[in-house]
Amino acid sequence: VTGVQTCALPISPYAAKKACPAGWIEKGLRVIGGLFSSSITASKDGRACAASQVPNAAAAAAAVVNRSATTLGRRGGCCTSSEGDSARTASMVRAARSAASGERDEEREETGWKLVHGDVFRLPPAASVFCAFIGTGVQLFSLVVFLLLLAIMNMFYPGNRGAMYTAAIVLYAVTAGTAGFVSAYLYCRLLGGESGRWAWNLVLSATVFPAPFLVMFCFLNTVAIVYNSQAALPFGTILVIMFIWMLVTLPLTVIGGIVGRNMAKGKDFDAPCRTNKIPREVPPIPWYRQGPCQVFMAGFLPFSAIYIELHYIFASVWGHKLYTLYGILFIAFLMLVIVTAFITIALTYFQLAIEDHRWWWRALFSGGSTGFFIYAYCFFYYFERSGMFGFMQTSFFFGYMLMAADRKSTRLNSS
């Protein structure tokens, strides 16, 4: 019986032949026959019942042995046919491995920016302010382009700086419609124009740049009046500028906003994939790939492209030199815009690759970070190149350059 049970264990034909030799069956039959024959000769009491039970017991033992042999034969047959089972098992293992490798490849593909497809189109916080910044940036961008085109066509006499300042004020008022149009169009596409908040967005677009500039101008003009400087504008000129803003800039902004809202009707932003209801948790990010470092890298390369030209501009505006190379200035401006656009796109991709879906505002600051470097250059120029001193000169230089750097930053944001 032990030999029979052992023969049921092997799983391959070779193991079955090795573990179940044919002599085991014969030995088992001899042992069982000897046991029953000894039991027959040992019964000396001569009872008839014992003599009659021996043949029945021998027959039962023989039946057990026959059944065991039959079972062994069947088990041996199964062992010999296990080659097909092993082939089927191997194919199933290969199929399972291929399925697992496919899942691993799929998981490997769903890494990086593909994991944030459900959050990348989530609207930015303070979307109204965001749209106002974009609209104002487009307005300032068009203002600089028109100024450079007029300068290339020799519309400004190099010695008359007031002509360029006057043209800048007029062009800012005329191009106000672009700010209202772009801001309202973008706002209505992202958030819908059915609510009345799009009108608040137009107010932001009309005041996001003039309001800080007015505060800075009032402070600097007060300083000039205290020092009895000729740089102080008279009260009548200030009123004229205010009337230009109220009668030209503000109405054009409203008209552009209405046109943008009407054009955005029926064109709501339809993301190519569904946005998740719960924002995805941003994984830990190394310090060199966080927002401040990204903004620093985004501003350094464009600034290095215009560093040489910036020195001559400063010398012309704050010094006594005349600047007439407007063609070269226009080429430098194009280089600045192109480099800024490429750097911002690349850094935005790197941000999404580390599963950080908060790209709206960071892309805006990355594009405008060149303004921070320009304002930092002001300190170098003031202390090393200008020779200016005193509170009035210091306040005028850093105050107006702050507004110029902010204007450049906003313009590059929109580009």
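**Entry 1: aromatic pairs**

I count rings of Phe, Tyr and Trp (its six-membered ring) as a pair if their centres lie within 6.5 Å, and I call planes under 30 degrees apart stacked, over 60 edge-to-face and the rest tilted. By this rule I get 32 aromatic pairs. One of them is Trp-287 with Tyr-288: the ring centres are 5.8 Å apart and the planes stand at 90°, so I log the pair as edge-to-face. I also looked up Phe-397 and Phe-398, which form an edge-to-face pair with 5.1 Å from centre to centre and 85° between the planes.

Before going on, a note on what I am reading: this is a predicted model, where local features need pLDDT of at least 70, side-chain atom pairs count only at pLDDT 80 or more, and totals for chains, interfaces and linings use all residues. Residues are numbered from 1 along each chain as its sequence is written, and side-chain values use heavy atoms, with hydrogens and water left out.

Trp-287 is exposed at 63%, and Tyr-288 is partly exposed at 46%. Phe-397 is buried at 0%, and Phe-398 is buried too, at 12%.

**Entry 2: a nonpolar patch**

For patches I take residues with over 30% relative accessible area and no salt bridge, joining like charges within 9 Å and nonpolar side chains (Val, Leu, Ile, Met, Phe, Trp, Tyr) within 5 Å. Accessible areas come from the Shrake-Rupley method with a 1.4 Å probe, and for residues only the protein chains shown count as cover. I found a nonpolar surface patch made of Leu-214, Phe-235, Leu-239, Met-242, Phe-243, Met-246, Leu-247 and Val-248, with about 740 Å² of accessible area together.

Which helix gives the largest share of the patch? Helix α11 (residues 235–264) does, with seven residues. Helices here are DSSP runs (H or I, at least four residues; strands are E, at least two), numbered from the N terminus. Phe-235 sits in α11, and its 60% relative accessibility makes it exposed.

**Entry 3**

Which residues of α8 are buried? My list reads Ala-176, Gly-177, Ala-179, Gly-180, Ser-183, Ala-184, Tyr-187, Cys-188 and Leu-190. An α-helix has 3.6 residues a turn, so residues three or four places apart point the same way. The cover over the buried residues of α8 includes α6 (127–152), α7 (161–174), α9 (197–207), α11 and α14 (360–368), with contact taken as heavy atoms within 4.5 Å.

After α8 comes Gly-192, with a positive phi near 90°. After α6 comes Asn-154, whose phi is positive and near 60°, although Asn-154 is not a glycine. Most residues other than glycine have a negative phi. Asn-154 lies in the loop between α6 and α7 and is exposed at 65%.

**Entry 4: salt bridges**

I call it a salt bridge when a side-chain nitrogen of Lys or Arg is within 4 Å of a carboxyl oxygen of Asp or Glu. That gives me four salt bridges. In one of them the side chains of Glu-355 and Arg-280 meet at 3.3 Å, N to O. This pair links distant parts of the chain, 75 residues apart: Glu-355 is in the loop between α13 (326–353) and α14, and Arg-280 is in the loop between α11 and α12 (291–318). Glu-355 is buried at 19%, whereas Arg-280 is partly exposed at 32%. Glu-355 also has a positive phi of about 65°, although it is not a glycine.

What links Asp-356, Arg-358 and Arg-362? I found a network of salt bridges. Arg-358 meets Asp-356 at 3.0 Å, N to O, and Arg-362 meets Asp-356 at 3.4 Å, N to O. Asp-356 is buried at 0%, Arg-362 is buried at 14%, and Arg-358 is partly exposed at 47%.

Key
Buried means under 20% relative accessible area, exposed over 50%, partly exposed in between (1.4 Å probe, protein chains only).
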